[in-house]
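Below is a briefing on a structure, arranged by topic. Please read it alongside the sequence and the coordinates.

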Protein chains: 2
Amino acid sequence: MTADDLFEQHRERFANARAVCRTRAAWSAFADQPASYPDFPAARAAGEEAFRARLGRRHELALLSVQDWVGEEVSPYTQQPLGIEYPRCDLDASFKAANTGVAAWSATTPQQRAGALLEVIDRIYRRHLFELAYAVMHTAGQSFNMSYAGSGVNALDRGIEALVYACDAMDAVTPQVRWQRSFGSTQIQLEKRYRLVPRGVAVCFTCASFPTWNAYPSMIANLATGNAVIVKPHPATVLPMAISIQVFREVLAECGFNHNLVSLVVDTTRDPIGKHIIKHPDCAIVDFTGSASFGQWVEQHAHPALCYTETAGCNAVVLDSCEDLDAVIRSLATTLCLFSAQMCTSPQNIYLPGDGVRVGTGSGATRVSVQDVSHKLADALSAIGRDPKKAAAILAAIQSPATLELIVSLQSSPANQVLLASKSYAHPDFPAARTATPLLLAASPQQRALYTTERFGPISFAIHCGNSKDALSQAAADVKEAGGLTAFVYSTDERFIADAENAFALAGSQLTVNLTGPMPLNFAAAYSGYHVTGLNPAGNASLTDAAFVASRFRIAQVRRPAA
Amino acid sequence: MTADDLFEQHRERFANARAVCRTRAAWSAFADQPASYPDFPAARAAGEEAFRARLGRRHELALLSVQDWVGEEVSPYTQQPLGIEYPRCDLDASFKAANTGVAAWSATTPQQRAGALLEVIDRIYRRHLFELAYAVMHTAGQSFNMSYAGSGVNALDRGIEALVYACDAMDAVTPQVRWQRSFGSTQIQLEKRYRLVPRGVAVCFTCASFPTWNAYPSMIANLATGNAVIVKPHPATVLPMAISIQVFREVLAECGFNHNLVSLVVDTTRDPIGKHIIKHPDCAIVDFTGSASFGQWVEQHAHPALCYTETAGCNAVVLDSCEDLDAVIRSLATTLCLFSAQMCTSPQNIYLPGDGVRVGTGSGATRVSVQDVSHKLADALSAIGRDPKKAAAILAAIQSPATLELIVSLQSSPANQVLLASKSYAHPDFPAARTATPLLLAASPQQRALYTTERFGPISFAIHCGNSKDALSQAAADVKEAGGLTAFVYSTDERFIADAENAFALAGSQLTVNLTGPMPLNFAAAYSGYHVTGLNPAGNASLTDAAFVASRFRIAQVRRPAA
């Protein structure tokens, strides 16, 4: 099939995505739950088998200039090495190989590139989704359902979304015009042509806990605009990207393009290669997802490469007042536990009014003390951790041993006031799983240093502020300074909500108000939610807006006298 | 008049501009020549009078925290100080004042902001255009006609163009949606609202020789998206910006906005303030036009501010073959002389094939040696310099004494082979004018260091390459490395032209092919030409594309359960 054929094949899906990017209504190109996937049990079994077949082997990718083979992945569920080795390639050779295909790739039409990329997305969905889900589970530590939904279909949807924005940006540039005006008494007629020129080679850094979700949009935004992509995964979580890259390369080759337009560069914890890649003279674009500290370095040193970052933040909850405190506590507890809060959108800091949370409305309203609210929250968190089946479904596993160390260090420090201690829980399916129930600490604004750093993992802080107004202004100020992607406010007072909207819009957190019920508070909807504002240190780019794509290509013009 | 009324008043002009930005056909909102301006003689006289009334006085702008008054402008035409002093303000106070108005300004609709900005543009055109033209003449040294056309109407058109792109980018973000999907058996309905949030305070650096042309697009892109703007003009050329800023402030105040949304920060040659402004914690965006060396510093140090630069380049001419050599030489000579090549688009390096330029087609074709071509060019340049009226209209005046020093140093160096020496010419209207006829040097690729730096002013190099192919590859390589905005190729060979298109698209120069006649080769058309590609060191931003505007605002969202 040619790339044009592939575009025709996926035209309707793309048109739907394009429409919904305008309205930002709810939509997905895919079955949103495993059970809705065509022939689910068989597909799942085949995916698991494909994953198992990867273990203990070299992962062949036909990359150029392989120097040696490395791999250090350990399953958070079994705490056993996966035993997979990936080719470590010469960096210059990797950039050179990536660059080789750019001229032909960028000489195609945007629609042809879109055709190939839509096929990649579709093929990952049809042939590799469960294999990918198992790969995510046994590297990132996500539950099976999250691996399917968050790292699978939602990530693919975000990829399509990025493709829509890239195509919109390119379609806005007319390919040619006849231009005429007079200079003195002479009419000048020029044929002008406008060519879209890619930047070159983009480098996509993916993180250990949620690699595909940021990677697909970045990779596709880069490829759609004619660039090549080198993926540099976190050494703890290579397999989901290696599987994905294989599909990109397969489709590119089938369409007659150079498969080295997409490649993999791996490193090890001992010999990190990140800075070398970014300072490589052929590195034209950096997409970075990872730690805030390295993200800061990337933003400061990427020049002359373009740089898009999403790091991490201290996401805030402000609890002013509510009608149903139990419903709020349930939602908060579930979200604080979801994938052990190893998501960039997970809340961490809960700002509480020292004069109590107003519960109920009108004359029936009462104030519940900060202590009581904190204990209710601790109880709800504890209940999830005590029920192994629930814990397995919600908390899942801990990606990194460093998270366990951080938990121990925080809860054993005599300076910290522990409201709920963390311990491991016994996973019903994986007895050796690396697990931790949530840790809840009490804190005051005088202890800002404790909570204005991202404490990655199931760690949260109940922060006792003066009153609701203090809680809000403290939360917004902390976000602005320390970074934050999401914020959650509960209030029955519309004026307070309006103030919160202003405060968090300026601080740059995406705000959710008064949400309770089964939807995870930090659920990020493809085609609808803008992920990251770029207005605080949690990242400089948003998934997905025009700014995410518009600069990845440039416009070169040629003008000459019209024939 | 409210901002909404103003938008209605200018609606048709804006709609025309919007349409033409899509097609990129020729259009202007304004009379393109002084003679077509309504009641030209009276308007010109009034403008000159308004300019004269500015001389020898303080330029009041009602800025806050004025510390002292400074001014060092000298007219290139009279070489006398203008004697105008501008308020030098405390930097913190300037940022604070600028920030004060941002909340109210950004809370308006994009259309309201567009209304106010269209009125600013219209008012500059109706009330201040000739005053501005005289201000440009007597600071930058442009001819009257260029001051009117290039720094006047064309700059205003580019401002409208930037407004179109800013409004397009903002209009692409839906203000709200009702979003619904099921989680388990529960239907969740959310009201989502998307708010456009400005970055804060933008700083706009303007250059000495062509301030308004880059300033208007930058200022308007920033203001349209809700930001405030502080203009930092080159100390040699403050008045055109001070006049413009006055109009922005006047209109903002009339519409009920804080006039400090637009302000001026001046410095002196002895106490430059550029780095302090860029590293100021409230500096959110930098738009920079100026030297390549400071531009590089800006790009490297602006973080966390966004940064858009246009610096300078070594623009290339490649002369492979042509039908009418005299016509080519005339066009080249005129363009090399235009405003004494003090434009970022002026050609500098003329790459010639050592085996001669093929002239004519078919069996009548002959080869003209590099020596002969160089001498023809020298003669044509010399003819312009010898005719005082022509010289005044084309060469105009030299902005900076440093340019004269550079000319002297280059033409007196025994290492350099002078094809045409520069001298001053007697300006018919301004006997004391700072002038210089063009300097043409011969060079070989072994002397790359000589010409791979921008030699600002009427200085060009006839570079003897091996053959046409060498000339092209050398030119493209020099542009990629040293920077270049424009390139000019003459060839009767379509294969050579196709190669040139590829080479300069990758090198990032906007290419003009086989143009002769009365249109200046480097004429940059608003709404049609993309100025700067961002693909080489001559600048990282283009006037005007989506990338120029899309990141100047961010998107903050609020979601809550639907009522």
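S18(A) and S19(A) pair in the parallel sense over four bridges; two strands count as paired if DSSP finds at least two bridges between them. Helices (H or I, at least four residues) and strands (E, at least two) are DSSP runs, numbered from the N terminus. In this pairing Val489(A) stands opposite Val513(A) of S19(A). The chain passes from S18(A) through H17(A) to S19(A) in a right-handed β-α-β crossover, where right-handed means that, with the strands pointing away from the viewer, the path from the first strand over the helix to the second runs clockwise.

The model is predicted, so local features need pLDDT of at least 70 and side-chain atom pairs count only at pLDDT 80 or more, while totals for chains, interfaces and linings use all residues. Residues are numbered from 1 along each chain as its sequence is written, and chains are lettered from A and ligands numbered from 1 in the order in which they are written.

**Sheet running from chain A into chain B**

- S19(A) also pairs with S20(B), in parallel, through two bridges.
- Thr512(A) is placed opposite Arg559(B) of S20(B).
- These strands belong to an open sheet of ten strands with mixed pairing, in the order S15(A)-S16(A)-S17(A)-S12(A)-S10(A)-S18(A)-S19(A)-S20(B)-S4(B)-S3(B).
- S15 (417–420) of chain A and S3 (176–183) of chain B are the edge strands; each has a single partner strand, so one side of each is left without a neighbour in the sheet.
- On average, neighbouring strands of this sheet are turned by 25° against each other, direction ignored; axes are lines fitted to C-alpha atoms, for helices over the stretch in contact, and angles run from 0 to 180 degrees between N-to-C directions.
- In chain B, S4 (residues 186–198) and S20 (residues 553–561) run antiparallel and are joined by nine bridges.
- Tyr194(B) has Gln557(B) as its bridge partner in S20(B).
- Helix H14 (residues 401–412) of chain A packs on the sheet, where it touches S15, S16 (439–443) and S17 (459–465) of chain A, and its direction makes about 40° with that of S16(A).
- Helix H16 (residues 468–482) of chain A packs on the sheet as well, touching S10 (315–319), S12 (347–353), S17 and S18 (486–490) of chain A, with its direction at about 155° to that of S12(A).

**Sheet running from chain B into chain A**

- Another open sheet of ten strands, also with mixed pairing, has the order S3(A)-S4(A)-S20(A)-S19(B)-S18(B)-S10(B)-S12(B)-S17(B)-S16(B)-S15(B).
- Its edges are S3 of chain A and S15 (417–420) of chain B, each with a single partner strand, so one side of each lacks a neighbour in the sheet.
- S20(A) and S19 (residues 510–513) of chain B run parallel and are joined by two bridges.
- Val558(A) has Leu511(B) as its bridge partner in S19(B).
- S16 (residues 439–443) and S17 (residues 459–465) of chain B pair in the parallel sense over five bridges, and Ala442(B) is partnered there by Ala462(B) of S17(B).

**Contact between the chains**

- The contact takes 57 residues from chain A and 57 residues from chain B; two residues are in contact if their C-beta atoms, placed from the backbone, lie within 7 Å.
- S20(A) gives the most to the side of chain A that touches chain B, with eight residues.
- The residues on that side of chain A divide into 27 nonpolar, 19 polar and eleven charged (Ala, Val, Leu, Ile, Met, Phe, Trp, Tyr, Cys and Pro count as nonpolar, Asp, Glu, Lys and Arg as charged, and the others, Gly among them, as polar).
- Of the interface residues of chain A, 100% are also interface residues in chain B, so the copies meet through the same surface.

**Domains of chain A**

- Chain A is divided into domain 1 (3–311 + 541–561) and domain 2 (315–513), with bounds from an automatic or database domain assignment.
- The C-alpha centres of domain 1 and domain 2 of chain A lie 33 Å apart.
- The contact between them takes 16 residues from domain 1 and 17 residues from domain 2 of chain A.

**Backbone geometry**

- Leu543(A) and Thr544(A) are joined by a cis peptide bond with omega of about -10°, and Thr544(A) sits in the loop between S19 and H18 of chain A.
- The peptide bond from His303(B) to Pro304(B) is cis, with omega near 10°.
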